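Okay, thanks for making time, everyone.

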Amino acid sequence: MARKLAGRVALVTGGGRGIGRAICQLFAEEGAHVGVADIDKKLAEQTLETLPTPGIALQLDVAAKRAVEAGFSDLVAHFGQLDILVNNAGILLSTTFEDCSEETWDRILAVNLKGTFLCCQAAIPLMKPRGIGAIVNMSSVAAKSGGFTGHPPYVAAKAGVSALTIGLARYLAPHRVRVNAIAPGVIDTDMTKTASHADLAAQIPLGEVGTARDVAQCALFLASDEARHITGEIIDVNGGLWMD
Ligand code: NAD
């Protein structure tokens with residue numbers, strides 16, 4: 001059977017572990033060449049070692065414009081094109097609204113929202129003139145539900161990611177570049193390891209927390225030609241935790 005991403009080049013931010021790693025692995029299984037971008041070089045290299053197709057590890061902080069531009073240049077120098085961008089890098093720092101420092105607010109917004117903007121900006125010149133491209137952003141159920149009480153800046157950042165997705169989808173649609181997002185619920189990764197998964201699973205209608213692979217399957221669909229008529233969509237992968 002033809003692989004869904006054969007001949008495609010993808011860049012996945014936050015690809016060093018968790019959901020990002022699962023996306024890199026599934027994309028490579030489906031034939032893509034993957035740029036594994038992460039702020040942590042070691043993690044990016046570890047992911048790269050697991051991929052069945054040739055890829056490249058890119059160390060970059062998505063919140064730093066120059067680093068983003070350099071990473072995209074490296075990828076294109078290596079593989080000649082960019083077809084798919086997954087803006088997966090994100091951080092969750094718990095803080096109450098009253099105690100949230102300016103630095104904490106700025107960093108959460110910088111990685112989750114500005115990072116998505118900067119990577120989209122770097123990708124557009126590589127996609128728009130070719131009339132091809134798929135961008136998948138990582139939002140969160142928190143953008144709809146309000147998240148847990150310790151996450152107000154994260155909620156605001158992810159709501160921004162959802163809104164940016166729609167705005168960019170509209171802008172890029174005439175150029176056949178599709179922009180969609182995923183809103184995961186509770187997924188079993190390092191990000192959620194301090195929470196009790198048993199307690200969380202009890203609140204999820206399907207009765208379990210999700211796996212990184214569950215989210216990767218949705219990213220694969222959105223990145224592939226199977227989703228050729230879908231843009232500006234935000235897909236929940238949450239076991240029914242939030243239904244709308
Ligand atoms: P994770 O913490 O396990 O992995 C995040 C990865 O991003 C790490 O490899 C980290 O090094 C990298 N990273 C962090 N800051 C970066 C930066 N500035 N530049 C580049 N890379 C950076 O997280 P995860 O659970 O795999 O989450 C992935 C995405 O999914 C995030 O955007 C997160 O907000 C979102 N999400 C996760 C869940 C969940 O339950 N795990 C739920 C909803 C949304």
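This is a predicted model: local features need pLDDT of at least 70, side-chain atom pairs count only at pLDDT 80 or more; totals for chains, interfaces and linings use all residues.

Let's begin with a word we'll need: two strands pair if DSSP finds at least two bridges between them. The helices (H or I, at least four residues) and strands (E, at least two) I mention are DSSP runs, numbered from the N terminus.

Residues are numbered from 1 along each chain as its sequence is written, and side-chain values use heavy atoms, with hydrogens and water left out.

Strand 1 and strand 2, which covers residues 33–38, pair in the parallel sense over five bridges. If you look for V9, you'll find H33 of strand 2 standing opposite.

Is strand 1 buried or exposed? I'm using buried for under 20% relative accessible area, exposed for over 50%, and partly exposed for in between, with a 1.4 Å probe and protein chains only. Five of the five residues of strand 1, residues 9–13, are buried, so the strand is largely enclosed by the rest of the structure. V9, L11 and T13 point one way, A10 and V12 point the other way, and all are buried.

F72 has 4% relative accessibility, so it counts as buried. By contact I mean heavy atoms within 4.5 Å. Leaving out residues up to four places away in sequence, F72 touches L11, L82, L85, C119, A122, A123 and L126. Take L126 from that list: it is 54 residues from F72 along the chain, yet their C-alpha atoms are separated by 9.4 Å.

You'll have noticed a cysteine there. How many disulfides are there? A disulfide here is a pair of cysteine sulfur atoms within 2.5 Å, and by that rule the count is zero. C24, for one, is in no disulfide, and its nearest cysteine sulfur, that of C119, is 13 Å away. C24 is also buried, at a relative accessible area of 0%.

Now over to S139, in the loop between strand 5 (134–138) and helix 5 (142–145). With 2% relative accessibility, S139 is buried as well. A polar contact is a pair of N or O atoms within 3.5 Å; within protein, one must be able to donate a hydrogen and the other to accept it, and residues adjacent in sequence count only if both atoms are side-chain atoms. The side chains of S139 and S162 make one at 2.7 Å. The S139 side chain also reaches the backbone oxygen of K158 at 3.2 Å.

And K158 leads us to the ligand: a polar side-chain atom of K158 lies 2.9 Å from one of the ligand's oxygen atoms. On its own the ligand exposes 830 Å², and the protein buries 95% of that; those areas come from the Shrake-Rupley method with a 1.4 Å probe, and for residues only the protein chains shown count as cover. An N or O atom in the side chain of R17 is 2.8 Å from a ligand oxygen, while N88 uses a backbone N or O atom, also at 2.8 Å from a ligand oxygen.

Finally, T211 is in the loop between helix 7 (197–202) and helix 8 (212–223). T211 is partly exposed, at 40% relative accessible area.
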